[in-house]
Amino acid sequence: MFFEIILFCFYSCTNSLDFNTYKGAVFEHSVIMPENTKTWVNRSFALENMMKNIYVYRKQAMKAGTEGVDILVFPEDGIYGYIFNRNGVESYLEYIPDPEMETWNACDEPDRYNNTEIQHSLSCMAKHNDLYIVANIGDNQPCCRQNDPKCPSDGHYQFNTAVVYNKTGYLIAKYHKINLFYEYQFDVPPERKYVSFETPFGKFGVMICFDIIFRNPAIDLLENHDVDNIVFPTAWMDALPILAAIQFHSAFAAGANVNFLAANLKKSDFKVHGSGIYSPKGYLDFHYSNDDVGKLLIVDIPIHDRKRNSYPEPKNLTEENNSMTSFQSLVFGDLYNFVPLVDIKGKRTICHNKLCCSLTYEKQTDTDEVFAFGAFDGLHTYEGTYYIQVCILLKCKNSNLTSCGEPEENSITFFKQFKIEGTFTTSYIFPEILLSNASDLLLLAAPNTWKYDKGILQSETKLEYPVVSAAMLARVYGNDLTINHGNHMLPEIVVITVMSAISNLVRFLL
């Protein structure tokens, strides 16, 4: 504690003079998978597999330490892998004590608890390299049904967990993932705790992967914990055209006005890739490739005090007469209203339910590629259930308008300028611009080429690469459909079936 006070004073004094950044790092890791994930294995077998990934982590932590990194984030599932069932993952878990209840330095005191070799390794990584470590492991918490009716039948909880170690190796935070994504090997925590931690260079909130979509913990951390930074271990699969990893994670940083450190797993064959460090003004660095080679990103991150989100200015947008040209097409499972962009420049307006979206644009040159401008205002029910409002300019997959909204990564069309506005009913609006280079790799627009403010996204100059999409994705958390679906995300087919059954019943009664 004395060391932490001295360190805090040092940062406070130096920052007040001429230091206004800290050095952050994320590692995109190509996880070494065990051969068997579906049946129980003994601890020694599990440990042997995990130590292969820990060996990679050590090398990256040493490299980060020599570069003077203050905080290093590792991805979700990076130590043991994925596609487990409950029995298969059990021996990969460790008992993780509550840092709010006790103080523990696993590097200095490795024998306090049995079978905590991974925590010992992570603690020593932090201590020996003088940096904060954020990593993802599994937590095994014993329970008893006599005292806890929610206790699983095998007598323990299994939690997807983020752990944080300070520069001296002490465990200072642990967070149990709340919003599981078909992770049947883990339990939803019976007590939802939103976790943040203080450092000399800012306050950090902790989320894991699918958590970013929902009010809790994402918005609770912003509104009630006043965090300025988010650490984000993830195993994120691209979901074009609105939820690719680098696309939405950078958008969250801009829309929520936070620094965002996203460490993704690397499995490009499954479109699991894309890590970055993002500020409210755009990316500081990001990595997106189709190989399976790990990548360490290190960058200086501005220290800032987060400003609260404000609602967009009221707009009076009305839909033009689109009766001859408007059409509908599916975007990630949702039926959007669209209008095509038939001219090299112009203005288009399109509405859906209570949302109206307006676009002014000018292409650099005309091409054969088809672009469309769309709007959606409703409950999304594919791969999760949540309410969104979206205004989106996108490249269609081909000349058939029904392809508008299909995943697309290629473009040769440059835009001189564009401006998108929408009549959003929420302050949580996340602006996205996705580009493509000659190698057909997704890119983000450089921070000085665009700006976002209160429901208006616009380019400042001609974007340096062809446009794949530009959008504002807003979350209306108060309209989310709440269904008590037990321990895991309810598959979309069940949601649709339930809604259809209710609708049919109402029609029958009427």
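# Exercises on cavities, helices and rings

α6 (245-256), β11 (282-287) and β20 (429-436) each supply at least two residues to the lining of the largest cavity. Helices (H or I, at least four residues) and strands (E, at least two) are DSSP runs, numbered from the N terminus. The model is predicted: local features need pLDDT of at least 70, side-chain atom pairs 80 or more, while totals for chains, interfaces and linings use all residues. Numbering starts from 1 along each chain as its sequence is written, and side-chain values use heavy atoms, without hydrogens or water.

**Exercise 1. Which residues line the largest cavity?**

Step 1. Count: the structure has two cavities of 30 Å³ or more.
Step 2. Take the volume, the space filled by probe spheres set on the points, which are joined across faces, edges and corners. The largest cavity has about 120 Å³.
Step 3. Read the lining: Ser250, Ala251, Ala254, Gly282, Tyr283, Pro431, Glu432, Ile433, Leu444, Ala445, Trp450 and Leu457.
Step 4. Sort the lining: nine residues are nonpolar, two polar and one charged. (Ala, Val, Leu, Ile, Met, Phe, Trp, Tyr, Cys and Pro are nonpolar; Asp, Glu, Lys and Arg charged; the others, Gly among them, polar.)

**Exercise 2. What lines the second largest cavity?**

Step 1. The second largest cavity holds about 40 Å³ of space.
Step 2. Its lining is Leu240, Pro241, Leu394, Lys395, Glu406, Glu408, Leu434, Val468 and Ser469.
Step 3. β18 (386-395) and β24 (467-475) each give at least two of the lining residues.
Step 4. The lining has five nonpolar residues, one polar and three charged.
Step 5. Look again at Pro241: a cis peptide bond joins Leu240 to Pro241, with omega about 10°. Pro241 sits in the loop between β8 (229-234) and α6.

**Exercise 3. At what angle do α2 and α4 pack?**

Step 1. Find helix α2 (residues 43-66) and helix α4 (residues 117-129): their angle is about 10° and their axes are 10 Å apart. (Axes are fitted to C-alpha atoms over the stretch in contact; angles run from 0 to 180 degrees between N-to-C directions.)
Step 2. α2 and α4 are therefore roughly parallel (under 35 degrees).
Step 3. List the contact (heavy atoms within 4.5 Å). α2 brings residues including Leu47, Met50, Met51 and Tyr57; among those from α4 are Ile118, Leu122 and Met125.
Step 4. Sort the contact: ten residues are nonpolar, three polar and three charged.

**Exercise 4. Which parts does the pair of Tyr57 and Phe74 tie together?**

Step 1. The structure has 31 aromatic pairs (ring centres of Phe, Tyr or Trp, its six-membered ring, within 6.5 Å).
Step 2. The ring centres of Tyr57 and Phe74 are 3.8 Å apart and their planes at 5°, so this pair is stacked (planes under 30 degrees apart).
Step 3. Tyr57 lies in helix α2 and Phe74 in the loop between β2 (71-73) and α3 (86-89), so the pair links parts 17 residues apart in sequence.

Note on methods. On a 1 Å grid over the protein atoms alone, a cavity is a set of points where a 1.4 Å probe fits but cannot get out, and a pocket is an open set with protein on both sides within 12 Å along at least five of seven lines; lining residues have an atom within 4 Å of a point. Angles under 35 degrees count as roughly parallel, over 145 as roughly antiparallel, 65 to 115 as roughly perpendicular and the rest as oblique. Rings of Phe, Tyr and Trp (its six-membered ring) pair if their centres lie within 6.5 Å; planes under 30 degrees apart count as stacked, over 60 as edge-to-face and the rest as tilted.
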